[in-house]
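Colleague: Before I use this file, I would like to go through it with you, one question at a time.

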Amino acid sequence: MATKPQPLAAVHNHETYLSQGIPSASSLDPNPLAQFSRWFTHAQDNPTDVPEPEAMSVSTVDPATHIPSTRVVLLKQVDDRGFVFYTNYSSRKGRELFPNNNDDEDPAAPLAQGGYASLAFYWRALHLSVRVVGRAEKVDPATTRAYFNSRPVGSRIGAWASAQSEVLPSGTRQELEDRVRDIERRFGVPEGTATGSAVVDAGPGAGPGGVEGSEARDVEIPVPPFWGGVRIVPFEVEFWAGRESRLHDRYRYTRAEGDEAGQWTVERLCP
Ligand SMILES: Cc1cc2nc3c(=O)[nH]c(=O)nc-3n(C[C@H](O)[C@H](O)[C@H](O)COP(=O)(O)O)c2cc1C
């Protein structure tokens, strides 16, 4: 007989959610991406209350086992097609989204269309949340390159050095840092730039600790072939606004999958 589970952590408070609510569908933009950018800009305008509004959970599904997995990533852009984040295409999420991914993919080839994904944002101080369901596609290589080049050099080195989601055979941080050193040497970046231990000639008073000297900043580092942007093109977007007694406002936009020119249907859902 199964034993009764013993609680190891529990929550006893009852939070009250009191946003301004969503009075009616007519107060929403007919396009959920425009509506999202309204709420997102509002969250960005309140950095003390909402320190990282771009943090979102991304759920993917293993196409063979149908087992889902969720992790947090950073939204980098919302465009008129969808929600963009950057990752390693060979990671668990990358493989689940693009199972036929090919690292040697021709950058001029049509953009790879991927599997389904779901996103969730929660802006606690505003008592607002947004959920998205859509289909993944790879961002075009030029956009990925522009974003990659805007990242600090340490993050660019890190993208090369981390075989994201793979086991480190030795189980040590040293192995990861050794890989970082190899990549730094390969691209002529001062050793320790990515791990913050480089001593670079960045002027008087500068010392170790992650200083990005001009020598490191100016270096050309190509985009790893296994890394880039993912756009989630939605066919369902839900806006949730917390109200008293759990009687929250929920509005769901839906359109036919793959019909990007299609009309959105907006419906109020029970909380
Ligand atoms: C706040 C935060 C932001 C993150 N941003 C990203 C990101 O933008 N891209 C990314 O690949 N991983 C990001 N990560 C790491 C992921 O949560 C995850 O550990 C990693 O992508 C590997 O996931 P996977 O093995 O399921 O593919 C972030 C983690 C946190 C906590």
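Colleague: Which residues of helix 4 are buried?

Modeller: This is a predicted model. Helix 4 is mostly covered, with 7 of its 9 residues buried. By name, the buried residues of helix 4 are Val153, Gly154, Arg156, Ile157, Ala159, Trp160 and Ala161.

Colleague: Which elements, helix 4 among them, each supply at least two residues of the lining of the second largest pocket?

Modeller: That pocket has a volume of about 320 Å³. Its lining consists of 15 residues, and those closest to the centre are Tyr86, Thr87, Arg151, Gln164 and Trp227. The elements with at least two lining residues each are strand 2 (68-74), strand 4 and helix 4 (153-161).

Colleague: How do the residues of that lining divide into nonpolar, polar and charged?

Modeller: The count covers the 15 residues that line the second largest pocket, Arg151 and Trp227 among them. They divide into 6 nonpolar, 6 polar and 3 charged.

Colleague: Which residues have the most contacts inside the largest nonpolar core?

Modeller: The largest nonpolar core has 35 residues. Elements that give it two or more residues include helix 1 (32-44), strand 5 (113-123), strand 6 (128-138) and strand 7 (227-241). A second, separate core has 18 residues, including Trp160 and Phe226. In the largest core, the residues with the most contacts are Phe36, Trp123 and Val130.

Colleague: What does valine 130 touch, leaving out residues up to four places away in sequence?

Modeller: Val130 is one of the residues with the most contacts inside the largest core. With those sequence neighbours left out, valine 130 touches Phe36, Trp39, Leu119, Ala120, Phe121, Trp123, Val237, Glu238 and Phe239.

Colleague: Is alanine 64 buried or exposed?

Modeller: Alanine 64 lies in the loop between strand 1 and strand 2. Its C-alpha atom is separated by 9.2 Å from that of glutamate 96, 32 residues apart along the chain. The cut-off for exposed is over 50% relative accessible area. At 67% relative accessibility, alanine 64 therefore counts as exposed.

Colleague: What percentage of the residues in the protein chain is buried?

Modeller: The secondary structure of the chain comes to 6 helices and 9 strands. Of the 271 residues in the chain, the buried share is 41%.

Definitions and conventions. Residues are numbered from 1 along each chain as its sequence is written. This is a predicted model: local features need pLDDT of at least 70, side-chain atom pairs count only at pLDDT 80 or more; totals for chains, interfaces and linings use all residues. Side-chain values use heavy atoms; hydrogens and water are left out. A nonpolar core is a set of buried Ala, Val, Leu, Ile, Met, Phe, Trp, Tyr and Cys residues joined through side-chain atoms within 4.5 Å. Buried means under 20% relative accessible area, exposed over 50%, partly exposed in between (1.4 Å probe, protein chains only). Helices (H or I, at least four residues) and strands (E, at least two) are DSSP runs, numbered from the N terminus. Contact means heavy atoms within 4.5 Å. On a 1 Å grid over the protein atoms alone, a cavity is a set of points where a 1.4 Å probe fits but cannot get out, and a pocket is an open set with protein on both sides within 12 Å along at least five of seven lines; lining residues have an atom within 4 Å of a point. Grid points are joined across faces, edges and corners, and a volume is the space filled by probe spheres set on the points. Ala, Val, Leu, Ile, Met, Phe, Trp, Tyr, Cys and Pro count as nonpolar, Asp, Glu, Lys and Arg as charged, and the others, Gly among them, as polar.
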